[in-house]
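Hello,

Please find the structure below. My notes on its aromatic contacts follow.

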Amino acid sequence: MKRILGLLVALTLGTLAVTASDLENLGPDVGTKIPHDLSSVDSAGAPQSFDSLKGEKGAVVVFFRSAKWCPFCQGQLISLETIAEDIRGKGYNLIAISYDPIEELAKFKTRRDISYPLLSDKDSEIIDAFDIRNDKFKPGHYAYGVPHPLIAFVDTDGVIKAKLYEESFKNRPELE
């Protein structure tokens with residue numbers, strides 16, 4: 001997760017040099033506007049959007065599979081909590097999104113004392129707009145609608161400045 005903080009420092013200082021090898025095909029391209037305004041509800045059932053949640057410099061948007069059944073996601077969300085204040089201190093807010101229903105997100109948020117918003121994309125509309133739905137799971141499967149894990153660094157205008165993802169859902173970007 002220090003990698004996340006390093007990207008935020010580079011973005012803040014304007015020193016981020018993104019090469020073609022850094023860019024992956026998952027989700028929208030770096031330099032494009034986010035394809036959805038993140039209108040959804042948080043774990044408390046309150047309506048939210050990118051504009052209501054972004055910090056003074058933007059947001060770190062984390063797509064994860066499930067806070068209910070994915071131990072890799074649970075670990076990532078808990079790890080992100082350890083740097084959430086640092087992220088906010090750099091002018092960004094942390095936003096995490098999954099297809100989990102509000103009730104599951106609320107349980108996890110309370111149980112793990114998560115300070116940042118968890119958004120419920122119950123029908124995977126945001127996930128589909130970002131083109132990151134994992135098509136391995138078919139209708140009727142409990143994981144139908146999950147995203148491929150992705151972290152997008154988004155400025156206040158909604159432009160993706162950088163993104164991170166790993167080849168396997170079992171691996172998540174390190175805090176470095």
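Buried means under 20% relative accessible area, exposed means over 50%, and partly exposed is in between (1.4 Å probe, protein chains only). This is a predicted model: local features need pLDDT of at least 70, side-chain atom pairs count only at pLDDT 80 or more, and totals for chains, interfaces and linings use all residues. Residues are numbered from 1 along each chain as its sequence is written, and side-chain values use heavy atoms, with hydrogens and water left out.

There are two aromatic pairs. Rings of Phe, Tyr and Trp (its six-membered ring) pair if their centres lie within 6.5 Å; planes under 30 degrees apart are stacked, over 60 edge-to-face, the rest tilted.

Phenylalanine 63 and phenylalanine 130 make a tilted pair, with centres 4.8 Å apart and 55° between the planes. The pair links distant parts of the chain, 67 residues apart. Phenylalanine 63 sits in strand 3 (residues 58–63), and phenylalanine 130 in the loop between helix 6 (125–129) and strand 6 (150–155). Helices (H or I, at least four residues) and strands (E, at least two) are DSSP runs, numbered from the N terminus. Phenylalanine 63 is buried at 0% relative accessibility. Phenylalanine 130 is buried too, at 2%.

Tryptophan 69 and tyrosine 142 pair edge-to-face: 5.0 Å between centres, 85° between planes. Tryptophan 69 is partly exposed at 25%. Tyrosine 142 is exposed, at 56% relative accessibility.

One charge contact as well. Arginine 133 lies over the face of tyrosine 144, 4.7 Å from the ring centre. The criterion: NZ of Lys or CZ of Arg within 6 Å of the ring centre and within 35 degrees of the ring normal.

Best regards
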